[in-house]
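Morning, everyone. Please bring up the model on your screens, and we will walk through it together.

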Amino acid sequence: MDDALVIGGTRFIGRHLVAELLDHDYDVTLFTRGTRENPFADDDRITHVEGDRTNDTALEAAATTVDPDAVFDCVAYHPKDVRAATRIFADCEAYVYVSSGAAYGREEIPKREGETPLHECTPDQATDDSFETYGNRKAEGDRAAFAAADDGVPAMVVRPPIVYGPHDYTERLNWWIDRVNRFDRVVVPGDGTNLRHLVYVEDVAAALRIVAERGEPGEAYNVGDRRLVPLEELVDLLADALETDVEIVHAGPRELAAGEISLEDYPLYRSYPHVLSTAKLAALGWESTPLEDSLARTVDDHLESDRDGDDNGPDREAEERVLAILETL
């Protein structure tokens, strides 16, 4: 493969995917609305086609001028988007849809491709834009890709969990980096053993390329850090990356109530472990970045940015009330 079309490629996952493709000598075309700053605007290796991917006519017009070997769909948030793209680019050598671990509809450890059931999706959910239907919509997008593969389109699916790394606009990990960087005492919800699978953004980008090159049409591939750590260990690793020391303070529901906080208010907290099997992707030759390295790069980017993740978790004043209660126990 030599030519790639990236639908959405300027913000986070797509931005790193473009860099990955360029590093592997692809000719890259971006298809975006042009409403966000384009970090590749001055890179003459990249062609930019402007258009709204939710407008089928615009996507069809792009297909008349671009003949990509591989299509990477980073911003398909509704099943109809996948149906349109797989129809319009049916002649490509690989169509890779960025889905999500949220597509899985049953709690299992680990969640495996082809074994763990996906969420159902009603017609109303398929057109909804709320966070509550995100997993349903992604699951239906998966089914749309599989249906296209049954019709001969080389469509494949990649399912990441929560993605972190440089340029992460969600700022969920940034909230924790900020806490560790600014305070000597860090409140960790529960006993610190809750486990939520994360994945480094550069590893997602590599996975997308590898699946396009080596994956099987009609298949889904989980991607996630090969080393999973509970939340308390993650905080310790962030402290190491920041070259600081913190005291971890555990707080359960009763203690958190003093600050009118719940366990679920904390970013990355999940009561039931969310773990994806990545063996299928690893069998294609994919490897993940060592956790210490990926966190160090993420911390460096955080320190150079203005992101703090404040909107993602409890404010410090509320936590101070919890800490005051704990000191009396």
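Let me start with one word: buried. Buried means under 20% relative accessible area, exposed means over 50%, and partly exposed is in between, with a 1.4 Å probe and protein chains only as cover. A second term: helices (H or I, at least four residues) and strands (E, at least two) are DSSP runs, numbered from the N terminus. Now look at helix α6. Eight of its 11 residues are buried, so this helix is mostly covered.

Some ground rules. This is a predicted model, where local features need pLDDT of at least 70 and side-chain atom pairs count only at pLDDT 80 or more, while totals for chains, interfaces and linings use all residues. Residues are numbered from 1 along each chain as its sequence is written, and side-chain values use heavy atoms, with hydrogens and water left out.

Now the overall picture. The protein chain holds 12 helices and 11 strands. Its radius of gyration is 21 Å, close to the 20 Å from the globule rule for 329 residues, so the chain is as compact as a globular protein of that length. That radius is taken over C-alpha atoms, and the rule is 2.2 Å times the number of residues to the power 0.38. Along the principal axes, the C-alpha trace spans about 70 × 45 × 35 Å. Of the 329 residues, 55% are buried.

Next, contacts. A contact means heavy atoms within 4.5 Å. Take the contacts with a separation of 6 or more: 76% of them are between residues 24 or more positions apart.

Back to α6. Which of its residues are buried? They are Leu 173, Asn 174, Trp 175, Trp 176, Ile 177, Asp 178, Arg 179 and Val 180.

Lys and Arg count as positive, Asp and Glu as negative, and His and the chain ends are not counted. The place of a charge is NZ of Lys, CZ of Arg, CG of Asp or CD of Glu. The chain has 32 positive and 70 negative side chains. The centres of the two sets lie 4 Å apart.

How many salt bridges are there? A search of the whole structure finds 25. A salt bridge is a side-chain nitrogen of Lys or Arg within 4 Å of a carboxyl oxygen of Asp or Glu.

Here is one with Arg 179. Its side chain meets that of Glu 319 in a salt bridge, at 2.8 Å, N to O. Glu 319 is in helix α12 (residues 316–327) and Arg 179 is in α6 (residues 172–182), so the pair ties together parts 140 residues apart in sequence. Buried or exposed? Glu 319 is buried, at 1% relative accessibility. Arg 179 is buried too, at 2%.

Now another pair. Glu 60 and Arg 87 form a salt bridge at 3.1 Å, N to O. Glu 60 belongs to helix α2 (residues 56–65) and Arg 87 to helix α3 (residues 79–88), 27 residues apart. Glu 60 is partly exposed at 32%, and Arg 87 is partly exposed at 47%.

One more pair: Glu 219 and Lys 280, at 2.5 Å, N to O. Glu 219 sits in the loop between α7 (201–214) and β10 (220–222) and Lys 280 in helix α10 (residues 279–282), so parts 61 residues apart are tied together. There is also a network of salt bridges that links Arg 53, Asp 73, Lys 80 and Asp 81.

On to the loops. Phe 40 lies between β2 (27–32) and β3 (46–50). At 11% relative accessibility, Phe 40 is buried. Leaving out residues up to four places away in sequence, Phe 40 touches Gly 9, Arg 15, Val 18, Ala 19, Leu 30 and Ile 46.

Last, backbone exceptions. Most residues other than glycine have a negative phi, and most peptide bonds are trans. A cis peptide bond joins Ile 109 and Pro 110, with omega about -10°. Pro 110 is in the loop between β5 (94–98) and α4 (123–126). Glu 171 has a positive phi of about 60°, and is found in the loop between β7 and α6. Leu 268 also has a positive phi, about 75°. Leu 268 lies in the loop between α9 (253–256) and α10, and is buried at 6%.
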